[in-house]
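Open the model in your viewer and keep the sequence panel beside it. The tour below goes from one selection to the next.

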Amino acid sequence: MKYNRILLKLSGEALMGDQEFGINGERLLEYANEIKQVVELGVQVAVVVGGGNIFRGLAGASEGMDRVQADHMGMLATMINGLALQSALEESGVKTRLQSAIEMDKIAEPFIRRRATRHLEKNRVVIFGGGTGNPYFTTDTAATLRAIEIDADVILKGTRVDGIYTADPEKDSTATKYDTLSFKEVYEKGLNVMDMTAFTLSKENKLPILVFDMNTPGNLTKVVKGDVVGTLVQN
Ligand code: UDP
């Protein structure tokens, strides 16, 4: 196995499937099945879910809402997604724990690093909800932070595009995909991999980022086995 402990970042929007909003049950089960396959290979899996399918702080703020208040709503949205993913995983027979950056002890454990790594060692999937627990941050930053804290081998950014391209492939048909990039190249070429806070945190801590298409069945398994899938960013 190329990677033994992974942190998978799923955006909230990925959970919408072809809907405009909210959570698509079928999509959720597909993702649960992808995750189950790698758990069965003995890979330790932590997941950070976004909240953009329900609420984004910036959208609230642009309508006049207090930004901190709006970000609190966004962080709660990630907990809703976390609970939904937990439910789908358990339905598929995968043992899980949900840990929240914001204490809500009736529905999730608080985030405790040592406890999280212990769960991983017992092959439980640990879902980290509530982002970093702080306003003005994103779940990409939360994913990077947690990946470093639990000493993950890589952060896997599951998207609907199969990697990083020279230009947006949905807008420019001449765009070509990179198999690998260095952190420096991403800066120099001005490529958009994650927001700058998350990206810098990854770079400074030498945490590789792999961007891949999570919607193609079997891709997550290929990634952990080391097949060339997506784009790998590393030093
Ligand atoms: N959020 C936050 N702090 C964090 C992570 C998230 O305040 O550490 C809020 C922020 O309002 C953000 C929302 O939660 O817009 C949802 O997260 P994000 O936009 O990162 O989700 P994604 O784009 O991955 O679906």
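What follows is a list of stops, each with a selection and a note on what is there.

**Before starting.** This is a predicted model, in which local features need pLDDT of at least 70 and side-chain atom pairs count only at pLDDT 80 or more, while totals for chains, interfaces and linings use all residues. Residues are numbered from 1 along each chain as its sequence is written.

**Stop 1: the annotated positions.** Select K9, L10, S11, G12, G52, R56, T159, Y165 and D168, which an unreviewed UniProt entry annotates as "binding site". These positions are spread over 160 residues of sequence, and in space they lie up to 25.8 Å apart between C-alpha atoms. UniProt positions are given in the numbering used here, feature names are shortened, and such annotations may be inferred rather than shown by experiment.

**Stop 2: K9.** Go to strand β1 (residues 5-10), where K9 is located. Strands (E, at least two residues) and helices (H or I, at least four) are DSSP runs, numbered from the N terminus. Is K9 buried or exposed? K9 is buried because 28 other C-beta atoms lie within 10 Å. The cut-offs are 20 or more other C-beta atoms within 10 Å of its own for buried, 12 or fewer for exposed, and partly exposed in between, with C-beta atoms placed from the backbone. Leaving out residues up to four places away in sequence, K9 touches V48, D140, A143, I155, L156, K157 and G158. Contact here means C-beta atoms, placed from the backbone, within 7 Å.

**Stop 3: G52.** Move to the loop between β2 (44-49) and α2 (57-62), which holds G52. G52 counts as buried, because it has 21 C-beta neighbours inside 10 Å. Beyond its neighbours within four places in sequence, G52 is in contact with S11, G12 and E13.

**Stop 4: around the ligand.** Show the 22 residues around the ligand; G50, G52, G57, G74 and G131 come nearest. A residue is near a molecule if its C-beta atom, placed from the backbone, lies within 6 Å of it. Which elements give two or more residues to this shell? They are α2, α3 (67-91) and α5 (139-149), and α3 gives the most, with five residues.

**Stop 5: β2.** Select β2: six of its six residues are buried, so this strand is largely enclosed by the rest of the structure. In a regular strand the side chains alternate between the two faces of the sheet. Q44, A46 and V48 on one side of β2 and V45, V47 and V49 on the other are all buried. I6 has V45 as its bridge partner in β2. On the other pairing, three bridges join β2 to the parallel strand β5 (residues 125-129), with V47 opposite I127.

**Stop 6: Q86.** Q86 lies in helix α3 and is buried, with 22 other C-beta atoms within 10 Å. Its contacts, not counting residues up to four places away in sequence, are T96, L98 and I127.

**Stop 7: β3.** Finish at strand β3 (residues 96-100), where four of the five residues are buried, so the strand is largely enclosed by the rest of the structure. β3 pairs with β5 in the parallel sense over five bridges, and S100 stands opposite G129. Two bridges also join β3 to the parallel strand β4 (residues 109-110), where Q99 has E109 as its bridge partner.

Methods
Two residues are in contact if their C-beta atoms, placed from the backbone, lie within 7 Å. Two strands pair if DSSP finds at least two bridges between them.
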